[in-house]
Amino acid sequence: MKTLQDLYLHELQVLCSAEMQIKNALPRIIKAASCPDLKAALKSHYQLTQKHLGRLSEVLRNHSVTPQDQTCEGIYGLLQEWKNLQIEEGDDAVVRDLDIIAKCQRVKHYEIASYGSARAYAEQLGHYDDVALLTETLEEESGMDDELTSASIILLCDSSRVPKVNVVNPRAGSGYDSLGHTPLVAL
Ligand SMILES: [Fe+2]
């Protein structure tokens, strides 16, 4: 790559591959989720992912670039975690939902970082129509991340629903709680 424009178009193509892989993997994770609110949030993520793909295609079309030329290896790696999400007899549904949320948030953060870079390049290159489209997507990605954080907090706060009996805490008695976190101290 010789120019910032080359790097920008490369980033857009990689993002296109990322969104496509996420779209294909989401139905599996939606099926694995138990909490109705989480399931609904993931379904809306699926719809937004289709929207993001549409915007990326529009941006690439404006630069006469085809979307299929790159593979996003980063997202491919993160999605291996989704593939390894096994549903086993005796699993606790809340624990599995928390696992799903963590795995989805890792993907979200990757997307947020990638869209952030792409938007910065677009700004520098003066592609202001692209900046507007990429900003919309970036805001939706952040919104989805916030939604997942809220879902996680709700599940964790409802402590009666999170089984802790198998937690072996090597720090027991040393001022840490059962999850190994330091207690909150009022200042
Ligand atoms: Fe996305």
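How many helices and how many strands does the protein have? It has five helices and zero strands. The model is a predicted one. Read along the sequence, the pattern is α-α-α-α-α. Of the 187 residues, 28% count as buried. Contacts across the sequence matter for the picture too. Among contacts with a separation of 6 or more, 71% join residues 24 or more positions apart.

Start with the loop between α2 (36–62) and α3, where serine 64 sits. This residue is not a glycine, yet its phi is positive, at about 55°. Is serine 64 buried or exposed? It has 7 C-beta neighbours inside 10 Å, so it counts as exposed. The cut-off for that class is 12 or fewer.

Next comes helix α3, residues 73–83. Its partner here is helix α4, residues 93–125. The two axes come within 9 Å and cross at roughly 170°. That angle makes α3 roughly antiparallel to α4, because angles over 145 degrees fall in that class. Which residues meet where α3 touches α4? From α3 come Gly74, Ile75, Leu78, Glu81 and Trp82. From α4 come Lys103, Arg106, Val107 and Tyr110. By class, this contact has five nonpolar, one polar and three charged residues.

Now move to helix α5, residues 128–157. Its length can be checked. At 1.5 Å a residue, the 30 residues of α5 should span 44 Å. The end C-alpha atoms are 43 Å apart, which agrees.

Which residues of α5 are buried? They are Asp130, Val131, Leu134, Thr137, Glu141, Met144, Glu147, Leu148, Ala151 and Leu155. Look at how the numbers in that list are spaced. An α-helix has 3.6 residues a turn, so residues three or four places apart point the same way. Leu134 and Thr137 are both on the buried list, as are Leu148, Ala151 and Leu155. The cover over the buried residues of α5 includes α2 and α4.

Serine 152 also lies in α5. It has 18 C-beta neighbours inside 10 Å, so it counts as partly exposed. Being buried would take 20 or more. Which residues does serine 152 contact, leaving aside its neighbours within four places in sequence? The answer is Leu98 and Ile101. Serine 152 and valine 94 are 58 residues apart in sequence. In space, their C-alpha atoms are 9.6 Å apart.

How values were computed: Residues numbered from 1 in each chain as written. Predicted model: local features only at pLDDT ≥ 70, side-chain atom pairs only at ≥ 80, totals over all residues. Axes fitted to C-alpha atoms, helices over the stretch in contact; angles between N-to-C directions. Helix = DSSP H or I, 4+ residues; strand = E, 2+ residues; numbered from the N terminus. Parallel < 35°, antiparallel > 145°, perpendicular 65-115°, else oblique. Contact = placed C-beta atoms within 7 Å. Nonpolar A, V, L, I, M, F, W, Y, C, P; charged D, E, K, R; others polar. Expected span 1.5 Å × (residues − 1).
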